[in-house]
Structure formats: C-alpha cells, structure tokens
Amino acid sequence: MVSARRSLTGLLLFVGFLLSFSNSANALPAFARKYGLRCSACHEAWPMLNYFGQKFKDNGYQLMNDRDSPVWQNPSYWPVTFRMTPSWHRESTDKITYDTPGGTPGLRRLTSSGFDYGGLDILSAGTLEKNISFQIIPASDELGAFHIEAVNARLDNVFNSPWLNFKMGKFELDNLVSEKRGLTLSANGGGYNIYHFVPVGDGNIFGQIGDNQVGMEWLGHSANDRTRLSVAILSSTDGNPDLPYGSNSYSAFFTGSHAFNVGKLGTDRVGFYAMVGQAPTTYLTDSSSGVPVLLPSSGLGNKGFSREGFVGLFYFGKLDFQVVTQHGSDSKWFGAGYGDLIDGIATGNNTPGTVLPAGARNPTWNGAFVETHWVQNPQLIFFQRSEWIRMSQQAIPGTAGNFGNIDNYVFGYRYYPFMNSRAGFAWHNEYGWLKGYGLAPDGSDLTSNSLMLGFDFDF
Amino acid sequence: MPSRNPNLVITIFCVLLIAAAAIISQRRVKAAPPSGGSITGSIKLEGTPPHQRPIDMSKEPACAAVHKASPVTAETVVAGADGGLKNVVIYISDGLTGSAATEVSPENPTWDQKGCQYIPHVMALNPNEQFKVINSDPTSHNIHPTPAPGGPNHEWNKSQPAGSPPITTSWQAPEVAIHVKCNIHPWMSGYMVVVKGPYGVSGDKGSFKIENVPPGSYTLTAWQESLGTQTQKITVAAGKPATANFTFKGK
Amino acid sequence: MRTPQTILIACAMAVLALASTSSAQITEYQEQQNLGVEAHVGRLTGHAKDAEINYRRYCAGCHGNQGDGEGENAMWLDPKPRNFTLAQFKCRSTPTGSLPTDADLYDTVGRGVQSSNMPSWNPLSDQQRVDLVAYVKHFSDRWKTDKPGEAIPIPPEPAVNAERIKSGQVLFQKLECWKCHGVEGRANGPSADTLTDDQNRPIKPFNFHDQTKFKCGTADSDLYRIFMTGLDGTPMPSFADNVKPDEAWDLVFYLRTLQPQHSKEKEIAEQLGLKPINPNAAVAPAEAPAPAPAPAQNNENKPQ
C-alpha cells in the first residue's frame with residue numbers, strides 16, 4: 001500500500017515536474033536595440049549566453065562603456081521583450097492507468113499531438129542608472145494566469161569594483177549552465193532534471209536549483225569575467241512569496257568558476273556549485289474551530305539538505321560541451337516524506353514525538369548531464385543532452401535501489417533565419433525521451449517522449 | 001560634383017583611343033630630347049561668379065587683425081573683373097610618355113599658413129615632389145590634408161604651432177584634388193593637386209603657362225575646385241607654344 | 001506504434017537537413033581573396049579565415065558584412081563604426097597617416113572604445129581576438145602595399161612634480177590645445193563647435209572634465225600616445241614634430257589635472273593653486289614681439 005501510494009506520488013511529482021518547466025528564458029532584444037548588437041554577440045544561440053553575454057549580465061546588463069545609463073537612450077526607449085513559442089507537438093507516455101468497463105484499471109500507452117502555444121513571457125531588464133540594474137519578468141501560463149517569474153534590483157560595481165555586486169529580489173540562481181537560458185523546450189526534454197530533483201516520496205519542499213528563488217546575492221568577478229564567485233542567501237520557499245512555509249529556514253547557494261584560454265578552441269570554463277540549506281518538516285495546526293487547520297507560515301523542525309557539483313564548459317571550435325554533475329543529499333526526515341506541503345496540505349507532518357521509519361537514512365543520489373552543441377554558424381545550432389540520475393541510497397530500507405532513477409535524452413536544432421539587432425526568431429525542432437525507473441503505475445519503468453516543432457520568437 | 005553622362009564616357013573612350021595612338025606616335029619621337037614646348041592660355045568664367053561667403057575670423061584675433069583693412073571671403077571661385085579665373089590647375093591628363101610623366105620640378109613649393117589662409121590656395125604638385133608646409137602666423141594651425149579615403153594617398157594631421165620648423169613631405173600618387181583643412185580654423189580651406197607631368201596654375205588674370213611639354217598630342221584638363229573639370233585635346237609641336245583656353249560657366 | 005513515430009522523426013530530420021543546406025547557402029561568403037591575411041601580436045598569429053564566423057557573430061551588426069562600417073546598426077550610432085576598407089584608425093602607436101600595428105588593433109578590440117558603442121571584447125580568447133585583427137586587415141589592400149608605421153618611442157614616465165605640471169600648462173597654451181578642448185579642458189574652446197571628422201560629420205573634442213577615460217586607453221602612456229600620434233580621421237592632430245618626449249610627459253601630467261578623478265597630479269595642482277590658463281592675457285604679449293620661436297625647445301630654461 002505504502003509503495004503504491006509512493007508510486008502515485010512519484011507519478012504526480014514526475015508529471016508536475018514536467019509541467020513546471022516554464023521556459024522564462026532571458027533573451028532580450030531590448031538590449032540588442034539599446035546597444036546595437038546582434039543577438040549573436042551575447043548569445044551563442046539565444047537564449048543561451050556566450051562569454052560576452054555572461055560578462056554583460058555579470059556587469060548588471062552593462063557593456064561598461066559610458067552608454068549604460070538609460071539617459072543615453074531615446075526617451076521613448078522602453079526595455080521590454082515578449083517571448084512566445086507557438087508549436088506543434090506530440091506527447092507520448094507508455095503506461096497510463098485508465099478505467100475499463102470491467103472495473104479493473106487498465107494500463108495503456110497514450111499519445112496525442114496537435115498545435116499549441118506556450119505561455120507568454122514579458123521580459124524587462126536594464127539599468128535604472130549607471131551601476132543600478134533591474135530585472136522584472138511577469139510570465140503568464142497558456143491560460144493567461146500571470147506570476148512573477150523574476151523581480152530584482154542590483155547594485156553593480158560597488159566602489160567601482162567588479163567584485164562587489166549585490167542583488168535582492170527574486171532571481172535565477174547563478175547557474176553557469178542556465179536552465180532559463182536553455183535551448184531545449186519540449187515537455188520531456190526541456191528542463192534539467194538535476195536542477196529540480198528530489199527523490200520520489202521525499203518531502204523536501206526546496207532544493208530547486210533551477211527555479212528562481214527569493215533572496216539576496218553577492219556576485220564578484222574579475223574585470224574580464226574570467227573568474228567569477230557568487231553567494232546567494234535564499235528563503236527556503238522555492239521562490240514563493242509571503243513565506244508560505246515558515247520564516248526561519250534559509251538556504252545558501254555558492255558558485256565559483258574560472259575560465260582559461262585554450263588557443264584556437266576558445267575559452268573554457270570550469271567551476272563548482274553548492275547549495276546547502278534547511279527546510280521545515282512540520283507545520284502547526286489549530287483545532288479550535290473543531291477541525292485541525294494548518295497554520296500558514298508555521299514551518300518548524302528544519303532539516304538540512306545539500307546539492308553540490310562541478311560545472312565545465314568546454315569548447316572545441318564549433319563543438320562545445322556543457323557538463324554539470326551533482327551529488328545530492330536530503331535529511332532522512334525528508335526522505336521519510338515529512339515536510340511536503342502541497343496546496344496547503346501537509347502530506348506528512350513531523351509533529352513532536354514522531355519517529356522515523358525503522359532504518360531510515362538520508363537519501364543520496366548522483367546525477368550528471370552532458371549537453372553538446374555544434375554551432376554550425378551563428379544561425380544554426382544542433383544540440384543534444386544526455387542526463388542521468390542514480391539513487392545511491394534510498395531513505396527507506398527495502399526500496400528498490402534504482403527506484404526514482406532518471407534517464408533523459410534530448411536532441412534537436414535551432415535555426416535562426418535572420419540575424420539582426422532588433423528581434424529574435426528561431427525555428428525549433430526537438431525530440432526528448434525520458435525514463436523514470438519504477439515510476440509506472442504497475443511499478444515498472446515509465447517512459448515518455450515529446451516531439452516538438454515550433455517558432456520561438458522574441459521581440 | 002562632376003556629373004557622369006554618356007557623352008563623357010564616349011569622350012573618355014575616344015580619349016583613350018587617342019592616347020593609345022599618341023603613345024605610339026610618341027615612341028617615334030622619343031629619341032629626340034624634349035624640346036621644351038609649352039602651352040599657354042587663359043581660363044575664363046562666364047556668367048556671375050557664385051557668392052563668396054565672407055569669413056569671420058573674430059575667433060582668432062591675431063588673424064582678424066591682419067585682415068582688418070580688407071575683409072576676406074571664401075575662395076571657392078576667384079574671378080577677376082574681366083572674368084579671368086584664378087586657382088585653376090591645368091595639366092596633361094593623357095598622352096604623356098613615361099619620362100615626362102615622372103618629371104619632378106627641382107624647387108620645393110611652399111604651402112604657407114598666413115593670416116589664417118592658405119597661400120597658395122591651390123597648389124599643383126607631381127607625385128613624390130617635396131613641398132614645405134610653413135606657418136607664418138603667431139598662432140597654431142593643424143595641417144590636415146584629407147585625400148580620398150581608401151586611395152593611395154593617406155590622410156595625416158599635424159599640429160604646427162607658431163614658430164615651428166617647416167614640415168617637408170610629398171604625396172606618393174596622383175590625386176585631383178586633396179582638400180587641406182585646419183580644424184582649429186574651420187574657414188581655412190585649400191587644395192593640393194597631384195598630377196603627373198607638367199602643369200600650370202592660373203594666376204590672378206586667369207592666364208597660365210605650362211612649360212617643358214614634349215611635342216605630342218595630349219588631353220589637357222582644367223580643374224577648378226567647385227566648378228569641376230574640363231578637357232580639350234591639344235597638339236604641341238616642338239619649340240612652338242600651343243594655346244588652350246577654357247571657359248567655366250558660373251552657376 | 002513505432003511506425004508513425006519513425007516517420008515523424010524522419011520528417012524532422014529531413015527538415016533539419018534542408019535547413020542546414022539553406023543555411024549553408026546563406027552563409028557563403030563572397031569575399032575570399034584576402035582571407036590568407038595574418039596578424040601577429042606577441043607570440044600569437046591570427047588568421048583571417050578563422051575569424052569569419054566570429055566577425056559575423058560579434059562585429060558585422062555595426063561594421064557591416066563587407067567591413068564598410070555600414071552594418072544595420074550604423075545609422076543609429078554616434079560615433080559611427082569604423083570603415084575597415086579605408087584602413088584608417090584612430091588608436092595607433094604609429095605616426096599620423098600610417099597604418100597601425102597589429103598590436104594596436106588587438107588592444108582596441110580588447111579594450112573597446114570609450115564614448116562609443118564599441119565594447120571591450122576581452123571575453124573572447126586572445127587567439128580569437130588576434131584572428132579578428134587579421135580579419136579586420138583583410139578588408140583593405142593597403143595592408144598589402146603599406147607597412148605599418150614604426151611605433152613612436154615612449155620614454156619611461158618621469159616622476160611628476162610641480163615644475164613639470166607648470167611646464168605642461170605652458171605647453172597646453174602654446175600648442176593651443178585650448179582652441180578646441182577649452183581653457184579648462186571642458187571641450188568648449190572657440191573652435192569646438194565647428195569640428196568635423198573626415199566624413200564631414202560633426203565631432204566633439206574630448207571633455208577632460210566629464211570623462212575619465214580616453215578612447216585609446218586610460219594609462220598615462222596612452223594619453224602620451226594620443227597627442228603624439230594624433231587621432232587620424234578626426235581633427236586631433238599629431239604633435240610629434242613639436243613636442244619633445246620630455247615635454248610630452250609634462251603635458252600628460254598637466255592634462256591629468258583637468259580630469260575629475262583623484263590623481264597625484266591633481267593633488268600637486270591644488271597645492272600650487274594652479275589657475276586655468278588665460279589665453280587672452282597671453283595674446284597681447286605674443287603679438288607685440290614676433291612669435292617667440294619655440295620657446296619650449298629649451299626645456300632647461302623652463303618658461304615661467
């Protein structure tokens with residue numbers, strides 16, 4: 001029974017996690033218009049940055065010439081970009097339970113295809129004044145429900161030092177390989193699994209490297225951006241406003257990297273990242289009205305978690321590899337299912353006196369992905385990504401060792417029929433395939449795949 | 001701006017044919033030393049000369065003082081009372097043999113900056129002919145010749161404060177014409193005309209004389225800075241001055 | 001189940017193949033002639049052909065596919081992007097009228113040009129930048145016929161002192177820097193409003209008071225180089241014929257006192273109570289006795 005419930009939760013998580021990849025990518029023709037540079041100057045292939053774009057971003061959306069302040073712009077200039085991705089796509093999942101006339105649930109493959117459109121991102125970012133930057137991204141889902149994907153202000157180059165940049169608000173973590181700027185868009189290939197992974201049944205409400213988080217960040221970099229360091233202090237709310245989980249749990253995200261010349265091949269970069277933090281495992285309830293009501297913002301019983309790994313960006317002329325590894329560990333309390341809060345319902349509540357299941361251990365896992373790009377020219381890029389996550393220690397003894405493992409493969413290309421300094425347009429074609437071990441309703445492996453052809457544009 | 005029309009193209013074509021013939025005919029007489037033929041003539045302006053903008057030198061008191069008695073104007077078209085047109089360069093644009101074409105006159109012409117004007121206003125030169133730039137003013141000038149960008153001659157820009165030694169230099173290739181300006185004194189304007197072979201520059205009354213022209217048939221071109229160029233064919237016999245007159249139309 | 005999926009993938013691959021061929025057609029670059037051009041900076045050798053894609057990616061939007069400075073952004077920019085086909089450059093270590101050295105171009109690419117839209121391209125690797133220098137050279141045949149000029153020698157920077165700053169101020173007046181840059185370096189000299197570049201477009205003199213960085217670098221030696229080589233294509237002439245190396249440093253020190261940022265020079269000038277020059281006061285004595293022939297020739301007898 002327990003394992004069936006866990007399987008269902010796993011499936012829900014799995015599907016929810018696929019849907020959660022809103023591609024609020026930051027590619028801003030507003031900057032191209034401001035500075036008169038082509039998209040390709042900052043993007044290896046938009047929305048993915050190249051080193052020049054990375055430096056621009058690290059400087060607070062400034063080229064560091066004297067034209068950075070908005071007073072240099074025509075007064076009618078307004079740094080706003082819209083991005084949409086109308087597409088045709090086909091989704092297929094091999095094991096779906098459904099009701100049969102006999103009453104016993106059946107299991108079958110479900111495939112559907114058709115035209116569709118993603119959400120709408122409105123991206124605005126730039127400088128309020130020299131060395132004071134901002135970013136705001138109201139993003140809507142397909143139905144028009146908006147949320148604030150990012151909103152932050154940043155003090156750049158404090159005391160004229162590139163080592164002192166402070167940002168506060170909701171922002172993307174300083175991931176060298178940015179999911180928000182990822183080239184992959186399909187439902188089964190769009191996101192980076194290790195940026196969102198928590199073991200099946202794990203109650204950790206946080207640990208999401210890929211989601212934009214609320215907090216404060218210090219970023220320092222050398223003048224030419226070869227060396228970068230950053231530390232972010234975050235509320236452990238997974239980017240949600242109003243401190244829904246409690247007010248006393250924080251996380252920290254560290255990154256560091258260094259780039260070096262490799263002659264003809266370009267500039268390679270190696271670095272590390274680490275996230276350590278705490279999240280609640282229990283929430284207070286109040287039964288004075290007769291039924292126990294969960295008190296919002298009452299998260300207690302903070303337990304720890306960590307994610308750490310290496311990042312490498314390796315260039316071999318037209319070919320480049322982005323490698324990200326991860327070792328993750330959650331407290332056994334999360335592993336036993338405590339802490340989760342879905343739609344105001346605590347699925348497991350670590351109230352005083354709760355004992356862990358016998359033999360519960362901290363779940364740990366390892367993961368990695370390798371994304372490869374072949375940049376034929378600035379207008380045509382081929383990509384693939386292969387990603388694997390392997391549980392190394394399950395929280396609950398007796399769980400299959402490979403339960404919750406993930407294999408993910410995606411490949412495709414983007415073609416930019418024109419290249420100018422005003423707008424971006426790409427013809428996008430991608431195929432993604434995902435396998436979750438033991439996640440099918442019958443406990444076997446669940447596979448799904450996506451094929452997507454679309455227009456990705458922003459202006 | 002000299003306008004290009006089909007007639008001009010045909011003319012050039014004919015000129016080229018004639019030039020070819022001329023080169024062949026020149027070959028025959030090449031054994032004889034140049035016997036010092038010459039071309040004389042005068043340049044006339046027909047019609048009203050364009051208005052010459054007066055120059056206000058009040059920003060440079062030293063120069064303003066020099067011209068207090070006789071205010072100066074721009075010198076884009078300088079015509080005498082009888083229509084004689086000054087500052088026109090007349091040169092052989094086609095038909096010269098190799099030896100005459102590379103002739104360089106022995107004296108070093110001087111380009112003076114005096115009273116915040118260029119003297120002369122127009123100077124003709126051969127390629128590689130050395131010339132001196134001097135500053136007779138008690139003020140700094142920057143001497144800034146601007147040959148056609150991307151061509152064989154290259155722009156340079158040197159400061160020449162009062163009392164500086166002369167700058168001696170030359171142009172390596174023919175070019176009609178190189179505008180010379182001084183950025184400190186935006187009204188200062190002059191032209192250097194670099195041509196192969198003998199040349200003449202019309203004087204106050206519009207007359208000119210080209211010396212040392214080997215006998216032969218030539219295309220003669222007259223260049224004026226704002227009125228453009230005119231050409232005519234001319235045959236120079238040994239020891240006999242040939243005559244060529246040009247008339248430019250006022251605008 | 002497999003068949004439609006296979007067909008779809010095959011279809012996708014076909015579209016992919018088509019796209020790549022059409023792209024190959026678009027990217028075919030006409031001008032192949034000079035792509036053998038090399039650039040040499042230090043131990044690095046740049047090859048124009050290796051920079052084709054990076055030029056398209058980073059440079060062509062402003063400088064144009066043909067290097068003529070007519071990229072799609074050119075009309076919106078001021079100052080205008082450089083036209084590489086003319087092979088004329090502002091920031092050189094070589095005398096006015098000559099080609100810059102490869103290292104000069106390399107430095108410009110890495111440094112960017114202040115007060116313009118040209119950013120620093122130092123995120124690119126050294127090799128990529130040298131390759132781009134070679135590519136910039138391939139647009140003009142002048143690099144085949146002419147040799148770059150000889151870099152002007154810059155003697156070691158002497159120690160700054162009050163005498164040098166005063167001597168620099170005398171030079172600032174004598175060389176009439178103020179005619180354009182203004183008596184306080186505020187770009188408001190009598191000729192400032194009339195300046196044009198070699199395309200007859202209006203151009204402003206450098207305002208020492210407003211700006212902290214020079215187009216061709218920020219170091220004292222960059223400043224030295226700027227007025228000794230001139231900025232070709234602009235009204236800024238070369239003073240190399242009239243300023244001796246030692247005097248040039250004096251002028252550098254004085255120019256530093258005009259800038260807003262703190263410097264040793266500024267400190268000394270404040271101690272001296274240095275007043276801006278007054279050229280009107282100087283015109284009277286300069287006119288009466290014929291212009292003193294190069295009074296600063298003799299640096300030991302420093303002018304007061």
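These are my notebook entries on a predicted model with several chains.

**Ground rules.** I number residues from 1 along each chain as its sequence is written, and I letter chains from A and number ligands from 1 in the order in which they are written. Because the model is predicted, local features need pLDDT of at least 70 and side-chain atom pairs count only at pLDDT 80 or more, while totals for chains, interfaces and linings use all residues.

**Confidence.** I looked up the scores for the complex and found an ipTM of 0.84 and a pTM of 0.82. Chain C averages a pLDDT of 83 (the predictor's confidence in each residue, from 0 to 100), and 81% of its residues score at least 70. Over residues 20–30 of chain C the pLDDT is below 50, and this stretch has nine contacts beyond near neighbours in sequence (a contact means C-beta atoms, placed from the backbone, within 7 Å). Residues 283–304 of chain C also have a pLDDT below 50, with 25 such contacts. I note that where pLDDT is low, the predicted coordinates should not be read in detail.

**Chains B and C.** I found 26 residues of chain B in contact with 31 residues of chain C. On the chain B side, helix 2 (61–66), strand 7 (141–146) and strand 8 (158–160) each supply at least two residues (helices are DSSP runs of H or I, at least four residues, and strands runs of E, at least two, numbered from the N terminus). Strand 7 of chain B gives the most, with three residues.

**Strands in chain A.** Strand 8 (residues 146–155) of chain A runs antiparallel to strand 9 (residues 165–171) of chain A, joined by five bridges, and Ala153(A) has Met168(A) as its bridge partner.

Note on methods:
Contact = placed C-beta atoms within 7 Å. Pairing = 2+ DSSP bridges.
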